[in-house]
Amino acid sequence: MNAGKKPWYFIRICFMILNTVFKSKSYMFDGNVLRIKLDNILEKDLRTNEIQDHFDDLSYTYHPLDGHELISEISGSLNRRILEGTNALQIIKEAAESHVTGFTSSENLQQCSKVSYGNGFEGKISKNIACVLSPRVISESMVHVYPSMRVIEVMKENSKKNEYFKRHLIATDEGVMTIYPSPGVEIPYDFHQKYRQIYSSKVSPADKDVVLVIDRSGSMAALHGSKTLLQIAIDAVSAVLDTLSLNDRVGIVVFDTATAVPGTAIRKCFATKLAEATPANVRLFQNIIQQIQSGARTNYELALREAFKFFRNSNYTTGSEKRDQIILFLTDGLPTIGNDPVRTIAEENKHLNNSVVVFTYGIGRSLNTTALTILRHMAEQAESNPRHGDIHKGIFEHIADPSNLRNIMGSYYKRFRKTDQEFSLSLPYYDRSLSVTSHYALFGVACIDMKLTNLLEEVAFFQHGQNSYAFVIDDKGRTVIHPALPKRTMSSDFVIVDIGTLEKGVSSVIESMKRGESGTNKIYATRVFSRGQVFIDGIYQRKMWSTYHWKPILQTNFSLCVVTVDGDGQLKYNTSSPFPERLHYHGLDTMTHFWKPCNHFSRYATKEHSTVFLTPAAFVNPDVYLEKEENPGLKTTILESVRKTYIAEELWLRFPQHSSIWRYMGMSDGVLRVFPGLKIPKNYDHTQRSWYKRSLAMRGQTVVTGPYLDVWGGGYVITLSTTIQSSTLKNTTFVIGVMAVDVSLTYFYQLLIQSYPFCEMSTRCFVMDNSGIITLHDDFVNISTRVPIVDNIHITQKESRIAQHMLRRGLINKESCLDIFRMRQHYVFRVRLSFDPPVQNIHSSQPHYKMFPISNSNIYVVVKPRSLSVSSSYSQCCENLNDSAFPADHICTEFDCQCLCFEEMSFDNCADHLNAWSGNISQCVGSHSVIEIESHPQNGRVDELQLCFDPKCAEKHSRRYYSDYIINLYCFRDCINTTGCSWCTRSIDFELLLPAYCTLQENCYFGIEGYVLPVQCTQGTVFTRMMIKDMFINCLKNYLLIFNLILSTCSTLMIFFLLLRGYWLRIINVTKNIIIQINVAFFSLFTADCGTHLNHPEIRQDFSNSLIIVPVIITGTISLICTIVFLIIRWKRTKIYLTSKRIPSGLPVSPDNLPPTENGYTHVVSRVHPDGQTSRLSRTQFGNVVYHHNFVFDHTF
């Protein structure tokens, strides 16, 4: 035996013995081993104990919350802001009314689409000028008028006085809207201001019930211009739907011989009840009516009885106020069947005390005198009896020109105009508006736009105590703002949420708020909190004694409530620390002369100091900070918080990084300190990240996240975090902030192996957290045939057999929460294995595995034999989730197993969403609150910088020992223990590399040679530069192959057909069109499909333009050849025309009485036969015809 091999054989014999012992006997598992290593990371890299001691030594004063003082302070600020807006709006109104004569028909302002813009509120603005939006579709009698410059000057003065005013608007009744400052808006084809609820809700603010009755009889298929009468009617109904406010209700009936209610197949309640005019319902109605098709005869009676049924099934009053009830009846002809419609209205309306108003619209010139008389009598309710109630006469309109229908029908609400001039606030966005009158006639509406977070700033950024909060509702009980709701944007739909869904068990408080009352009540209420990523980690609840203080907001229909929790308060530092000499804000681009930049995981960073980042909540005006590149001022406690966290920078600079990628600490007041220093996107908010929320849910413990893609550029990382707490109070523990460190997957794997060496023998170990997310798995590190998917992988996906067994044993429980915005019930899992002594070691016989908790943390180690296969019948329902970036977005199936999934909720769509839903399931709080983080493109400048920390990876495989095995083992561990290094074992084709070697992580990610750091795309899909390049190249090859194949096939067929039939002129013409279409289609599809792979900023900078030139050259060459051939063909064909004999003009022509073709037009040609007869052919059957008689027939070259 070779002496040099003896150590190697000795090691193998030892491993075999240990393997046999493990199989035959139980081994001891000590959860403290891994816990100690985790604590060592936190201590060595973060210096957690020293930082906690520093905060323990500080002197605090505890200030308990005073709810009465808070509600008075907040309501006072809101009332003051309302008053400022009211006064500013009144000034605009008076200026407009006093200068009505100055409104001219000449356009003295630019159209908004022609203005040059800068950045501002919700996009582009121009603060220098105002602009106008004019409707493009108007009646001939309508004249546009534009405001005088004095009105514009008033708008500018208001804007300068108050930065909360984002836009000033004046909308005239003719549809012209003047806006200051000018926004970047493209004018829609059918834009008209009076069709928007911002206008109609002010002109007619009362709640309305509207039933639209649409005639779809056969005569409605007649054409008017390019549209049928039915399509014109549908467009008008869509405009009416746009005018409805959230307080209105709507129903639709279509009729011919019979009646139908659109949308009942989707939402059954539409058939019997009026639906709330929510954005979702209005959009659904507008989509459904587009599918209406013309039918048979006309039955007025059935249509009216169906319409009145909606009113009988719906409440007539809203609180103490009655609702306007309206029928809008639209037809183009006489009733052909059914009883007298005028008598039908009288019969039906008497049961409703004659409360329903009927508007009738007759369209087209085919209506005779009888039809017009019937429609007029229907609107006047000529046969109704006043003994059953006052008769409210409607309006009859005969629209001879159907193109005016939308304009006339869309203005129906003016009939219900109110004369009051008070301003109003409405959902879904803040809308303050006043009617502007001229000689008591409606002239228009003046408005001021504010962001909801500006108007209710003290509520939106409420930071008083740890558990106290505030919310606002309207008089209908709809939630305006609440901490459980997601952060909204102006572009998103406003989702109506009844406050009873969010605040359970406080109905007496809610009813008092809806009545506009004030009060105080102490209740033992339930608070709901997110554990982290809510659709994976779920929620938890706490019962707390809470005092509700509520008060109405003056001059509005809003009511404010402040909830203070017993024992809650604020900590304030008693002494002020000296300000550090080095305070570095995260905007590094403006401070390059103070520090030396370096490359840290492809990010522009510095190792000379940490950087401080402030979330929007740290500023006095968060929206100004987000919208503009300026500092609106910091809150009073922020600078002191920055001073107190400076201890972290001192410690982190004194003790170098051992294993971490990033070190950071986020404070509850919005201060974030990061080392190495780097620039952070301004919309980043650490308090909304899952690592922060998980630490709050498990305060005082070590929290380990699952792998996720680092938004700061570190690739896939695992975060270890723990809270910073105040120990000055006996009864209440205050969380001051969270400290965290990011480590790589391979480093965490090495920690596991060092803690439990048997995980490398005959067993396999994986780590999961208390939500069932796989934190670490052997497949994440030991790569064989594919790039692993590591983020958001659940145990039900990766280890389905074990997961289903745990569920049956009760080791994992299934929980759920309610996503009220997408109407889903999401299911999550929680591990129920106790961490308290004695430690429970679960031994299962089938399948064989062991699960151990790691004390003082949120993770578990599961040990299983390597022979245990993952694939089985249990994994069938979850295995399709392995390629999903977010497994919770899958609908639950009926398989006999359970996964992360959701079920669609059943609820009453016609009511305020969840009003009709009853249950004890709590909401998935914070379900949509995490905003997509912007990335900072590095533009290639990082590659020129030195590494912040040179890991010297190349030296990790240069040592020599007695055997190859020991060399590989030592070098492997030394390599992955070093931050920034990767042990390269596979080629890009997944071939085994011999020998393996250590290199920079950015060159060999996941141990795959040439596989670089992943990047985060805006859609959330993770790609690498190499993957995107490969996709582009493959896409290009596929399109070139398809293009050449189609072109060759078409050319061959053309030549064959040419030789066979001899129709060379027509065949060349057709083939020419085919080649053009193929050429255009190829380039369009290539640009749309392949081009998307080049849109990522990380790919553009290092991708050669040569690949783009290839398709351009090919398509350009083909286009040039085709053009030359087509010109030759055209010249020859023109020559044929000039030398051809014309057909005599006296030849017979077929009559133009063919039925219409598919598109509604008749194309008839006459072909002359020798016997003098004619044959009629449609264009679709015959094609283009050259010779024709007495009419021009188009032919295309």
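N792 counts as buried, at 16% relative accessibility. The cut-off for buried is under 20%. N792 lies in the loop between α23 (778-781) and α24 (795-798). Its phi is positive, about 60°, although N792 is not a glycine. This is a predicted model, and the points below go through it by topic.

- Most residues other than glycine have a negative phi, and most peptide bonds are trans.
- Q381 is not a glycine, but has a positive phi of about 50°.
- Q381 is found in the loop between α11 and β18 (396-399). Q381 counts as buried, at 2% relative accessibility.
- A cis peptide bond joins F675 and P676, with omega about -5°. P676 is found in the loop between β31 (671-675) and β32.
- The peptide bond from L994 to P995 is also cis, with omega near -5°. P995 has its place in strand β46.

**The whole chain**

- The protein chain has 1197 residues, and 53% of them count as buried.
- It holds 31 helices and 50 strands.
- Take the contacts with a separation of 6 or more: residues 24 or more positions apart account for 69% of them.
- The accessible surface comes to about 54,500 Å². Carbon and sulfur atoms make up 53% of that surface.

**Confidence**

- The mean pLDDT of the chain is 75. A pLDDT of 70 or more is reached by 66% of the residues.
- Residues 117-123 stay under 50, and the model gives them 21 contacts beyond four places in sequence.
- Residues 959-967 are also below 50 in pLDDT. That stretch has 13 contacts in the model beyond near neighbours in sequence.
- Where pLDDT is low, the predicted coordinates should not be read in detail.

**Strands and hairpins**

- Strands of a sheet pair through backbone hydrogen bonds, either parallel or antiparallel.
- Strands β39 (residues 812-819) and β40 (residues 824-831) pair in the antiparallel sense over 8 bridges. D819 has R824 as its bridge partner in β40.
- β39 and β40 form a hairpin with 4 residues between them. In the turn, M823 has a positive phi of about 55°.
- Strand β45 (residues 981-986) is mostly covered, with 5 of its 6 residues buried.
- β45 pairs with strand β46 (residues 992-1000) in the antiparallel sense over 5 bridges. S982 has T999 as its bridge partner in β46.
- β45 and β46 also form a hairpin, here with 5 residues between the strands. F990 in that turn has a positive phi of about 65°.
- An open sheet has 3 strands in the order β27-β28-β32, with antiparallel pairing. β27 (598-600) and β32 (677-678) stand at the edges, each with a single partner strand, so one side of each has no neighbour in the sheet.
- β27 and β28 (residues 603-606) pair over 3 bridges. N599 has Y604 as its bridge partner in β28.

**Helix α10**

- Helix α10 (residues 341-349) has 7 of its 9 residues buried, so it is largely enclosed by the rest of the structure.
- The buried residues are P341, V342, T344, I345, A346, E348 and N349.
- They pack against α9 (300-312), β17 (356-363) and α11 (369-380).
- At the start of α10, a side-chain oxygen of D340 reaches to within 3.1 Å of the backbone nitrogen of V342.

**Y692 in helix α21**

- Y692 is found in helix α21 (residues 690-697). Y692 is buried, with a relative accessible area of 3%.
- Beyond four places in sequence, Y692 touches G666, M667, S668, H686, T687 and V738.
- Y692 and G737 are 45 residues apart along the chain, and their C-alpha atoms are separated by 8.6 Å.

**Nonpolar cores**

- In soluble globular proteins, nonpolar side chains tend to be buried together.
- The largest nonpolar core has 112 residues. L720, F748, M768, M806 and V861 touch the most other members.
- Helix α22 (residues 745-755) gives the largest share of this core, 7 residues.
- V861 has contacts beyond four places in sequence that include F29, L34, L752, Y756 and F852.
- A second, separate core has 52 residues, among them I179, V254, I292 and M409.

Terms used
Residues are numbered from 1 along each chain as its sequence is written. This is a predicted model: local features need pLDDT of at least 70, side-chain atom pairs count only at pLDDT 80 or more; totals for chains, interfaces and linings use all residues. Side-chain values use heavy atoms; hydrogens and water are left out. Buried means under 20% relative accessible area, exposed over 50%, partly exposed in between (1.4 Å probe, protein chains only). Helices (H or I, at least four residues) and strands (E, at least two) are DSSP runs, numbered from the N terminus. Two strands pair if DSSP finds at least two bridges between them. pLDDT is the predictor's confidence in each residue, from 0 to 100. Contact means heavy atoms within 4.5 Å. Accessible areas come from the Shrake-Rupley method with a 1.4 Å probe; for residues, only the protein chains shown count as cover. A polar contact is a pair of N or O atoms within 3.5 Å; within protein, one must be able to donate a hydrogen and the other to accept it, and residues adjacent in sequence count only if both atoms are side-chain atoms. A nonpolar core is a set of buried Ala, Val, Leu, Ile, Met, Phe, Trp, Tyr and Cys residues joined through side-chain atoms within 4.5 Å.
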